[in-house]
Amino acid sequence: TVNKPEYASMPPCEIVPHLADQGIYIASESTFYRVLREEEMLNHRGRADAPSRNHPTTYSADGPNQVWMWDITYLNGPIKGQFFYLYLFCDLFSRKIVGWEVYAEESQEHASYEIERICRRRGIKRENVLVLHSDNGSPMKGATMLATLYRLGITPSNSRPRVSNDNPYSESLFKTLKYQLHSKMPSGFKDIEAAREWVASIVGWYDNEHHHSGIKYLTPAQVYEGNGPAILAKRHKLYEEAKAKHPER
C-alpha cells in the first residue's frame, strides 16, 4: 500500500486516515511505521525537506473566515530572470485557499483588487471582523491596500520587523504546492495562462484531496465547509471496530 503511486509521498499518519475515509482499515499507524522500519523504508517521504514544526502563533481562530493569511511567491517564466507572481490567500482555521491569482508583477493595486474580489465571492461583510495577516512586503503595506482593508472592515496584521517566520503557514503552503507529487511544478511556464492553469489544478488538489497534518488529516475543504466532526466520528468508529476484532493488539 505505501508504495502505490497515490501513497508514495505520504507518511503513515496521512495514509491511515486517507484509507479510513474510504472505509478501509489495514493496520494502525504504529504498525505501518513498524513495518516500514523493519523494511528499512522509514525515511522522509516526498520531494521537499522534512518540515519544521516550530510555528509561532499570533492569532487563533475557532471557525472559518476569522483570520486569513496571504503572501506572494515567484513562479519561473519562460526565460531565466522572468517571473510570474502568485497571490495566495488562505484561511487559518481550515487552511483552505480562499482565493488566488497570478500576475506579471507585484503591486498593491493587484492585492487590493484581489482581496475585494475574494470578500465578495466569500460573502464577507464588515461585521465578520476578519483579520488579514501578511509579511512586510510593499504590496502588503501600501496605502491602496490598507485603504481597501479599512473600507472592507478588515483588520490588517503584519509580521514583526526582521522576524522571518511570523507568517509560517503561508510559507508552508507555498512549499506544499511547489514540492508535492500530484502535479510537479514545471521549471518554467511558457506564459501567464500556463501558470494560471497549473495553479488552478494544484489548488483543487490541495483544497479537496490533500489531507493536512495541521487539521487532523482532513482536507481544507472538509474543515471549511464544517464536515470535519462527522468525518472524524466515522473514522473513530472504523478504528474502534478494528480494535474490537483484535483487542490483544
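## Contacts along the chain

Among contacts in the protein between residues at least 6 apart in sequence, what percentage join residues at least 24 apart? The answer is 58%. Keep in mind that you're looking at a predicted model.

## The overall layout

Let's start with the parts list: the protein has nine helices and five strands. Read from the N terminus on, the elements go α-α-β-β-β-α-β-α-α-β-α-α-α-α.

How much of the protein is tucked away? Of its 249 residues, 44% are buried.

## A pair of helices

Now zoom in on two helices, H3 (residues 108-122) and H5 (residues 143-152). Their axes sit 7 Å apart, and the two pack at an angle of about 20°. Angles under 35 degrees count as roughly parallel, so that's the label for H3 and H5. The crossing of H3 past H5 is right-handed.

Who touches whom here? On the H3 side you'll find Gln108, Glu109, Ala111, Ser112, Ile115, Glu116 and Cys119. They meet Ala143, Thr144, Met145, Thr148, Leu149, Arg151 and Leu152 of H5. Sorted by class, this contact between H3 and H5 has seven nonpolar residues, four polar ones and three charged ones.

Notes: Residues numbered from 1 in each chain as written. Predicted model: local features only at pLDDT ≥ 70, side-chain atom pairs only at ≥ 80, totals over all residues. Heavy atoms only, no water. Axes fitted to C-alpha atoms, helices over the stretch in contact; angles between N-to-C directions. Helix = DSSP H or I, 4+ residues; strand = E, 2+ residues; numbered from the N terminus. Parallel < 35°, antiparallel > 145°, perpendicular 65-115°, else oblique. Left-handed = near helix turned anticlockwise from the far one by under 90°. Contact = heavy atoms within 4.5 Å. Nonpolar A, V, L, I, M, F, W, Y, C, P; charged D, E, K, R; others polar. Buried < 20%, exposed > 50% of the residue type's maximum accessible area, 1.4 Å probe, protein only.
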